[in-house]
Amino acid sequence: MNSTARHGYRQHHMLLQRELGQWAAGLEQTLTPVHQRIVLTLDWLNLDSLIGYSGKRAGPPERSRVALAQAFVAKAILGFEQTTQLRSRLAVDTVLRRLLGFESHRALPSEATFSRAFAEFARTGLPAKAHEALIRQHLGSTVIGHIARDSTAIQARERAQYSTPETVAINEAKAAKLAKTAKADKQPKRRGRPPAGSAESVKTTPRSRIPAQLLQTPEEALGCLPQLCNKGKKRNAQGHFNTWVGYKLHLDVACCGVPITAALTSASVYDNQVSVPLARLSAQRVTSLYTLMDAAYDSESLRQLERELGHVPIVAINSRGRENPPVLDEAQKRRFGERTVVERINSRLKDSFGCACMWVKGHSKVLCHTTFAVLAVSVDALMRLMRYPDRLQDSS
């Protein structure tokens, strides 16, 4: 079967339509558009090639990990946030249960089985591997017009943390000891503003991670970023600040609407601190011409990196209090207007693919849940190219 970028899409669609129609006619049941969409998505992903045999183990036979992985993909397509919703749907939808690979003569796996399988997929990074393989196979040899970069808030049902529990306990013990010893000779605080040039008046700013990331691999750079659940603040399109507790999802999206790279960090991480590993990972997977970023990525180091990767960076100017900041020319403004593709993907992930609120806890599980959603929206965007193949090259 020819699976090139232009011809493989239509062949997938025609082949699956014929086979699904024959299968449904034999069972005297109908396939809804949602069923067809799920089967087409699973056919594109081919998850069984990424899940190997785990070997013999003690205890009862292990339930099929392929069927469970396909169930989590269907969970994202259906827009469910909780596994309980998925299991309830499978209990009453016989067609969906058979399409996902669950045997009709066996009972549906319990919620504990779904939970153990999800933890295993989060530990092994199965959805991230499937997403990378999908992008390399279908877009690796295609020249993409531009890549848009942005981040979005991911709300979680966790308590905000700013350090590990061990570090918190150690810091609390040290603080209690210091407070007890310094209580006797505590000096009264002087009222008013401290004198200019004194140690109290000098504010220390946190050092940027970008210089260190330029010397690291993308995996090392992502591993050094904070991954705990904490509080974040981001300015919306109306100029107001939105605050949330959870994480932040960073995406590189192609002009055709396919997410190329995804990364998850703490909510407090500034956007440009993730730009270096995202740019290098995207350059390893696809070939693009332009990179579109908002004012949060306004840095000469990031522009230079994009030029070294063979891209033309177009970044919104952050005035930083300057009276006459530089401005984009008309051609750059026109192309920068295409950056809204990443904002549309962020909205779709929350509105249609179950990423509005996380019911799992921990960075690895939240990343697994969001990556399953990114995987589903990537296949959906690739299937749209069957009808509009010219979207690989942007309209500007």
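This is a predicted model: local features need pLDDT of at least 70, side-chain atom pairs count only at pLDDT 80 or more; totals for chains, interfaces and linings use all residues.
View 1. Helices (H or I, at least four residues) and strands (E, at least two) are DSSP runs, numbered from the N terminus. The volume of the largest pocket is about 940 Å³. It is lined by 30 residues, and those closest to its centre are Ser151, Lys234, Arg235, Asn236 and Ala237. A pocket is an open set of points on a 1 Å grid over the protein atoms alone, with protein on both sides within 12 Å along at least five of seven lines; a cavity is a set where a 1.4 Å probe fits but cannot get out, and lining residues have an atom within 4 Å of a point. Sorted by class, the lining holds ten nonpolar, ten polar and ten charged residues. Here Ala, Val, Leu, Ile, Met, Phe, Trp, Tyr, Cys and Pro are nonpolar, Asp, Glu, Lys and Arg charged, and the others, Gly among them, polar.

**View 2. The second largest pocket.** This pocket has a volume of about 610 Å³, where a volume is the space filled by probe spheres set on grid points joined across faces, edges and corners. Look for Ala128, Leu222, Ala262, Ala263 and Leu367, the closest to its centre of the 26 residues in the lining. At least two lining residues come from each of helix H6 (111-124), helix H7 (126-139), helix H10 (218-223), strand E4 (259-266), helix H11 (275-285) and helix H15 (363-384). The lining of the second largest pocket counts eleven nonpolar, ten polar and five charged residues.

**View 3. The largest cavity.** How many cavities of 30 Å³ or more does a search of the whole structure find? The search finds one. About 50 Å³ of space lies inside the largest cavity. Its lining is made of Phe72, Lys75, Ala76, Phe80, Phe118, Phe353, His369 and Phe372. The classes here are six nonpolar, one polar and one charged.

**View 4. H11 packed with H12.** The axes of H11 and helix H12 (residues 300-308) lie 11 Å apart, at an angle of about 10 degrees. That makes the two helices roughly parallel, a term for angles under 35 degrees. Axes are lines fitted to C-alpha atoms, over the stretch in contact, and angles run from 0 to 180 degrees between N-to-C directions. Ser275, Val276, Ala279 and Arg280 of H11 meet Leu302, Leu305 and Glu306 of H12, contact being heavy atoms within 4.5 Å. Four of the contact residues are nonpolar, one is polar and two are charged.

**View 5. Arg285 and its neighbours.** Arg285 sits in helix H11. Is Arg285 buried or exposed? Arg285 is buried, because its relative accessible area is 12% (buried is under 20%, exposed over 50%, partly exposed in between, with a 1.4 Å probe and protein chains only). Leaving out residues up to four places away in sequence, Arg285 touches His131, Glu132, Ile135, Arg136, Gly140, Ile260 and Thr261.

**View 6. Asn46 in its loop.** Asn46 belongs to the loop between helix H2 (33-45) and H3. Its phi is near 55 degrees, a positive value in a residue other than glycine. Most residues other than glycine have a negative phi. Asn46 is partly exposed, with a relative accessible area of 38%. Residues are numbered from 1 along each chain as its sequence is written, and side-chain values use heavy atoms, leaving out hydrogens and water.

Key. Angles under 35 degrees count as roughly parallel, over 145 as roughly antiparallel, 65 to 115 as roughly perpendicular and the rest as oblique.
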